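Subject: Handover of a protein structure

Dear colleague,

Please find below the structure that I am handing over to you. I would ask you to keep it open while you read the notes that come after it.

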Amino acid sequence: MDTRIPLPPQGRTFGSRCRVRLSDMDAGGRLRLDAVARYLQDVAGDDVDETGWGAPEHLWVIRRVLMDVGVPFLRDREVEVVTWCSGLGAVAAGRRWSLRGDAGGRAEVDSVWIHLGSDGAPARLVDFGVYAEATAGRHVSTRFELAEPAATTGGLSWPLRPTDIDLLDHVNNAVYWQAVEHCLPGSGVDPRRPLRAQLEYRQPLDLGDDVALVVGHDGSGLDVGFAVAGAVKAVARVEQTS
């Protein structure tokens, strides 16, 4: 993934504005990462609803996401979000977002999503012309890049709630980012400074899973593993960039 991919000169883009509400901010007024994740999926959902590449014929599950927060959203109260397709694979597509706040906040986000048919199985992308032009021929990989945490058992208990479950009967993407936010204090990463945050979704979390957060600080960043019965279902990493 590459968050430096520019806004395409040709091809489809889709934009929207998101109001920063009280529930989106931390105690200092910063727009939290989980709130950013909700903005991303809401704008993407509006995009595919408009083009017809949404449910029920087409389903999308996230594989990887990379957020580069160049200027944290500290006093912003409205965020303009523009999204487009950043690459294609046989059964996957990349989606980019560019975020601009009304008080100077800036972030660039890239992601990889697996395309599923109405039966819930991976389905090849055919005639993706409405989005393909913006990719300029770029290919996306579904390969995982983050290392697993050194430990896969124990850790901080992270109980799941019925409100964490979405329409696909899995834990919603933004909930993972809530756990990352929970682990930031004391990690050495200051979210009020520029940062890079990555999250890989390896296997879905389901309501009833006994989730343990395996947290590590290696001096250069924060690692969070989402472990169930010793198996790591997702991995996150947050690093300071300046």
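The notes below go from the overall fold to the aromatic rings and then to the cysteines.

The model is predicted: local features need pLDDT of at least 70 and side-chain atom pairs count only at pLDDT 80 or more, while totals for chains, interfaces and linings use all residues. Residues are numbered from 1 along each chain as its sequence is written, and side-chain values use heavy atoms, with hydrogens and water left out.

Overall fold. The protein has three helices and ten strands; these are DSSP runs numbered from the N terminus, with helices being H or I of at least four residues and strands E of at least two. Their order along the sequence is β-α-β-β-β-β-α-β-α-β-β-β-β. The radius of gyration is 17 Å, close to the 18 Å that the globule rule gives for 242 residues, so the protein is as compact as a globular protein of that length. This radius is taken over C-alpha atoms, and the rule is 2.2 Å times the number of residues to the power 0.38. Of the 242 residues, 51% count as buried, where buried means under 20% relative accessible area, exposed over 50% and partly exposed in between (1.4 Å probe, protein chains only).

Aromatic rings. The whole structure holds five aromatic pairs. Rings of Phe, Tyr and Trp (its six-membered ring) pair if their centres lie within 6.5 Å; planes under 30 degrees apart count as stacked, over 60 as edge-to-face and the rest as tilted. One of the pairs, Trp53 with Phe128, is edge-to-face, at 4.7 Å centre to centre and 80° between the planes. Trp53 lies in the loop between α1 (33-51) and β2 (59-71) and Phe128 in the loop between β5 (106-116) and α2 (129-132), so the pair ties together parts that are 75 residues apart in sequence. Trp53 is buried, with a relative accessible area of 10%, and Phe128 is buried as well, at 8%. Both belong to one aromatic cluster made up of Trp53, Trp60, Phe128 and Tyr131.

Cysteines. A search of the whole structure finds zero disulfides, a disulfide being a pair of cysteine sulfur atoms within 2.5 Å. Cys85 is buried, with a relative accessible area of 3%, and Cys183 is buried at 7%.

Yours sincerely,
A colleague
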